[in-house]
Amino acid sequence: MKNKIIIDTDPGIDDAMAIHMAFADQRLDVIGLTSIFGNVTTNRATRNALRLAEMAHYRTIVAPGELVPMIRAPEPPADFVHGAEGFGTIPAATPAGGADSRSAAKFLCESCAAAPGEITICAVGPLTNLAAALSLDSSIVRDVKSVVIMGGSYAYHGNVTGCAEANIWNDPDAADRVFAADWDVTMVGLDVTERTQCTPDDFAFLASRSPHIGGFLNEAAIFYFDFHQSKTGIRSCFMHDPSAILAITDTHLFGFEVVPIAVVCKGKEIGRTRLYEGQGRRPVKVATSVDNVAAREKFLGLVANADSISRMRKAG
Ligand code: BDR
Ligand code: CA
């Protein structure tokens with residue numbers, strides 16, 4: 001039986017990499033994409049999610065998410081990382097289909113209630129939709145199979161500030177709510193996502209094997225490489241969001257520590273994930289190591305076949 005997942009996402013270049021990898025993975029059934037602000041606005045994230053699904057002939061629901069963080073004022077989208085429309089310099093395109101009439105939170109709650117214990121939510125953007133789902137119907141903690149998050153870091157390290165990772169920093173209150181809830185959470189943070197990297201040659205390979213989907217990622221990635229090179233001096237990119245999907249499909253590639261997590265919601269360390277020192281918080285599986293060679297190969301192997309799998313899907 002396929003693993004059912006809903007990807008909560010702010011597409012976003014590495015979101016697109018993760019989503020196309022998931023679409024190409026026959027072990028997964030992506031029953032929905034829920035959109036959230038972060039790399040782009042929520043409206044652009046919804047549009048981009050629809051575009052990714054249509055590009056791969058993947059029939060899935062796209063449900064629009066929250067427009068602003070729970071409490072803190074919204075930050076501007078990360079256009080300097082992902083481009084104004086989300087996919088580098090690739091122009092916006094209007095999808096043929098439309099989004100679901102339900103909100104992301106409602107879709108998450110209803111989907112999990114309809115298939116108790118079967119659905120993993122993989123959140124690769126700020127956690128506002130997950131916090132909204134908890135408020136809407138707290139029985140989601142019982143109905144969901146597990147929650148896997150790209151966000152945070154276990155060691156003291158950040159990518160927006162010295163100690164805060166972008167997805168947590170964009171809505172720390174929502175993230176703390178998610179870590180406080182009584183559900184099965186895995187945190188895939190910068191400790192592992194920065195260890196798995198791909199190069200322009202890797203994306204040229206994907207474009208040669210899958211000209212449509214790999215070619216799209218190869219073109220979008222140019223902007224992403226520019227950003228990484230400006231930060232690290234090296235023309236390679238971190239595989240943040242694909243790592244969270246791989247933690248579901250290929251869990252054996254990761255090592256974990258199991259500890260309760262809290263988020264700093266105020267002050268100069270806002271957005272930092274840290275050990276929770278109180279009582280009664282359910283421990284989180286925190287990814288602390290990764291077989292980065294195997295993770296990169298898995299990503300490349302799956303996306304290399306993206307076009308042929310999407311053609312088979314289209315043919316029915
Ligand atoms: C995370 O922030 C976003 O820019 C990426 O898509 C990823 O989800 C990395 O910190
Ligand atoms: Ca993302």
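Modeller: What follows treats the pockets and then the strands. This is a predicted model, in which local features need pLDDT of at least 70 and side-chain atom pairs count only at pLDDT 80 or more, while totals for chains, interfaces and linings use all residues. Residues are numbered from 1 along each chain as its sequence is written, chains are lettered from A and ligands numbered from 1 in the order in which they are written, and side-chain values use heavy atoms, with hydrogens and water left out.

Biologist: How much space lies in the largest pocket?

Modeller: On a 1 Å grid over the protein atoms alone, a pocket is an open set of points where a 1.4 Å probe fits, with protein on both sides within 12 Å along at least five of seven lines; lining residues have an atom within 4 Å of a point. Grid points are joined across faces, edges and corners, and the volume is the space filled by probe spheres set on the points. Here the largest pocket holds about 620 Å³.

Biologist: Which residues lie nearest its centre?

Modeller: Of the 30 lining residues, Val81, Asn159, Val160, Ala166 and Phe227 lie nearest the centre of the largest pocket. Helices (H or I, at least four residues) and strands (E, at least two) are DSSP runs, numbered from the N terminus. Helix 11 gives the most to this lining, with five residues.

Biologist: How is the lining of the largest pocket divided by class?

Modeller: Ala, Val, Leu, Ile, Met, Phe, Trp, Tyr, Cys and Pro count as nonpolar, Asp, Glu, Lys and Arg as charged, and the others, Gly among them, as polar. The lining of the largest pocket has 13 nonpolar, nine polar and eight charged residues. The second largest pocket, of about 170 Å³, is lined by four nonpolar, five polar and three charged residues.

Biologist: Which strands does strand 2 pair with, and in what sense?

Modeller: Two strands pair if DSSP finds at least two bridges between them. Strand 2 runs parallel to strand 1 (residues 3–9), joined by seven bridges, and Thr9 stands opposite Ser35. Strand 2 also pairs with strand 3 (residues 61–63) in the parallel sense over three bridges, with Val62 as the partner of Leu33.

Biologist: What is the handedness of the unit made by strand 1, helix 1 and strand 2?

Modeller: A crossover is right-handed if, with the strands pointing away from the viewer, the path from the first strand over the helix to the second runs clockwise. Strand 1, helix 1 and strand 2 make a right-handed β-α-β unit, and strand 2, helix 2 (residues 42–55) and strand 3 make a right-handed one.
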